[in-house]
Amino acid sequence: MTHTLEQNLLRPYGLQTEQRHEPLGVGEHHPRLSWKLQSDRRGAAQSAYRITAAQRVADLDDATRLLWDSGRRESGDGLLVRWDGPVLQSATRYHWRVEVWDETGAAAGQAQSWFETGLLRRDDWTAVWIGRDPASLPHVDPPQDREPEEANGFEAPPLYLRREFELAQPPVRARLYATAHGIYEPRLNGSRVGDAELAPGWTEYQQRLQYQTYDVTSLVREGRNALGAIVADGWWCGHVGFDPRRPAQHYGECPGFLAQLVIDFADGSQRVVATDGGWAESPGAIRSADLLMGQHFDAREHVAGWDSPGGGDGFQPVAVLDTEPGPLVAEPDHPVRVTRDLPAMQVNRRGAGRFIVDFGQNLVGRVRLTVRDAAAGRRIVLRHAEILTDGELYLDNLRRARATDVYTAGGEQVEVFEPQFTVHGFRYLEVDNYPGELAGTDVVARVLHSDTPWTGHFECSDQMVNQLQSNIAWGQRGNFVAVPTDCPQRDERLGWLADAQIFTPTASRNADVSAFFARWMRDVVDGQDAGGAFRDVAPVVSLSREAAPAWGDGAVIIPWHLWRTYGDRRVLERCFDAMAAWVAHIKRHNPDLRWRHRTGNSYGDWLQLEVTTPRDLLSTAYFARSTQIVAQAAEVLGRHEQAAQHQALHTAIRAAFIESYVGDDGTVEGGTQTGYLLALAFGLLPQELVPKAVEHLAADIEKRGNKLTTGFVGVALLCPVLADHGRADLAYALLHQTEFPGWGYSIRHGATTIWERWDGWTDHSGFQSATMNSFNHYSLGSVGDWLFGRVAGIDQASGSVAYRELLLRPLPGGKLTWARAEQETVRGQVACGWSIADGRITVTVTVPPGSTASLEIPTPEPGSVRESDAVAADQPGVLGVEASAAGAILRLTSGRYTLTAVAPGGTFTD
Ligand code: RAM
């Protein structure tokens, strides 16, 4: 292998501030700086770094003008280094550079980046809330049989807001800081500002309302300008969740807007245009908009130029709302964005002017429709569904969500409709009353979700498994919309804690969800009551009871996972007291350490099949797990006393678990797969009973013909536990199962996303009850972590943080002849893949600089491991090769390796 000097050099890349690339509007006073490393040289590692920062790029080269110089710091990591420079100013851009030294102590590469602060201090805000006076609103009882756009019983269309201002000179810099009660689209001089969707997102609004920061320098100009916004109900006062009451109960009655445009000029002067009584409002062409119900645009009402200078006919003075600016915080994670468009795969005519469009993929977003030659006033109705029955939309599972958009044509030759204040879960679209023939090119599905950077890729030789990975990824896209939700099509879309904790390990393979979950954890913690109980969902709506076992525990499990995956210590610090209070709450009400009281809605192993896992067994297992994590987290944070207390509590809960639920023969009460999985995965069995319990578990699966019975809670543990206890054969049998129930069954029936229920639709009984039947749900997709972690083989050692010590364990098996995964971790690229051909296994791995790896190559002949025909042990970067029961274990430093060995026998079952 020959490499250029450049490739061999250790180089930082992928610089981030607060877990985002070059963020505008950072709200932290001590933001954390991160970088990844790359090099083609084996054994490359960082031994030290230096960060310098300045307000101008040029000043980074001038030592006398530096704002901050960390000096050379001996460290192998580039993970979340805290800003220790001077106190940060508001609305200021800071450039920073990192230089690194390699493992020999030689100066290596450098890279630079920037971040910009938001409005860091309360008195930076001069804007006041504006909107519509709630007293002026007509109050109507929710009607039963109205047209969709009137059906929310609150006939106030979205607010159109505007204000003009004059600038005597061109700006050198302009920033818009804005937020809403509701969801908003900012407008400036006739253009949309930014690309965020559904801003400001959904948080526990009474505690924290996020503002967004936009760079609008290129939109503001010398002379007259017009700033505007459209504000719709969104989560603030629209329909949220399954609560049938009119939404005002959740947050507020009316939408409102708060914004501040800050313009800097070359002469150093500044102009601020903020929301105040000088603004004007009017209803506009959007007659109604609701996240669940849909949006109606009446093009006849559209006033061209309303958001440009000189526009604004019919606008009235706005109401200044008597509202405190509220708990404003800078948006800390990636906004929702449209990330891709899907063309129509098929358009079927179903009658005069009526068409059904198939996009070929169950997705979340909206449609853009082009309409030609429609007479003014023609109402074109768009309805959305996940499934077709007899060629028509299956709408029953949407419950109260109407998911209906209406376009009333304005009479132009060509008109384009795209609703921006609603979101639907669908694969199929019905277009009714369309003029003429609907061409496939005139309709496109726009996919939107929280734009967490995609970091993972998994692929293998079996198309069904690849489809499974695709379904998991689409489930993640569709359900990560401002918060992690469950059912994007029906009237629910809540941030359920158990779903999230079960899926976080998979989610963090596919994407960088560090900022997304750290932000949502604040909502989770905000939802905790004084007694320490969380709620089942965050933000808290619709569900007031204390959280159930495995649901509330999400608040303990997720921060721990974020620490392990991303090295985010701050999220642990911020959540720790809440985590400990949750455990204390359970203990207080269950002094005998079996969690039987205060179990809220106690969902058990939700949506399990045919069996019932005893609820107190499941609860007590989770009590043990949460307590163990609190002990570990306390240790990480240096709270040794709390660590010891929780360790002792964990030991006692474990003993109680064994006494109450474990038989001397290794049986676990109830005898369900999930019961065994919890006991095995959470380490709750006496060591000598582990093999017996594995036998009981395996026997249950086998007696059912290699079928599972697990629900949300058990499913994530199924394949990992089997594989880790010598039954990879069974794990693969379940993975490949195409009979009911299993992942393959839904795929055989055309699923393009993960279903909420194994029996969402079956040959034998058709649709499950429409009262709860989502076809786009990520919980049962939690097997994705295992695809990356074992099938391809990317994992980390148990004590490792942020992939410092990799555990690479490819697991050939089932029908597979090859599999591979790549992951962009916080340290850099990690990859692991294997293939078997001609009696040899080939394993390719990438270990990022600074990491080491223990690579297990499954081979019956550990001595047969070679790299390019040379004995592996003699190769650079290979620290050692040992024989083990699993085959050969190689200790590797960073680098890319391709190794071969004699293949394990008996792999092929097909
Ligand atoms: C349903 C959904 C959700 C789950 C709750 C208990 O509403 O399936 O994901 O967490 O039930």
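Here are legends for a few close-up views of this predicted model. Local features need pLDDT of at least 70 and side-chain atom pairs count only at pLDDT 80 or more, while totals for chains, interfaces and linings use all residues. Numbering runs from 1 along each chain as its sequence is written, and side-chain values use heavy atoms, with hydrogens and water left out.

**View 1. The residues around the ligand.** The shell includes Asp486, Arg490, Glu492, Trp496, Asp499 and Trp551, and also Tyr603, Trp606, Phe712, Glu756, Met772 and His777. Sorted by class, that's 6 nonpolar, 1 polar and 5 charged residues. Here Ala, Val, Leu, Ile, Met, Phe, Trp, Tyr, Cys and Pro count as nonpolar, Asp, Glu, Lys and Arg as charged, and the others, Gly among them, as polar.

View 2. The protein covers 97% of the 290 Å² of accessible area that the ligand has on its own (Shrake-Rupley method, 1.4 Å probe).

View 3. Searching the whole structure turns up 0 disulfides (pairs of cysteine sulfur atoms within 2.5 Å). For cysteine 237, the closest cysteine sulfur is in cysteine 254, 6.4 Å away and too far for a bond. Cysteine 237 is buried, at 0% relative accessibility (buried means under 20% relative accessible area, with a 1.4 Å probe and protein chains only).

**View 4. Cysteine 719.** The closest cysteine sulfur to that of cysteine 719 belongs to cysteine 460, 13 Å away, so a bond is out of reach. Cysteine 719 is buried too, with a relative accessible area of 1%.

Note on methods: Near = heavy atom within 4 Å. Buried < 20%, exposed > 50% of the residue type's maximum accessible area, 1.4 Å probe, protein only.
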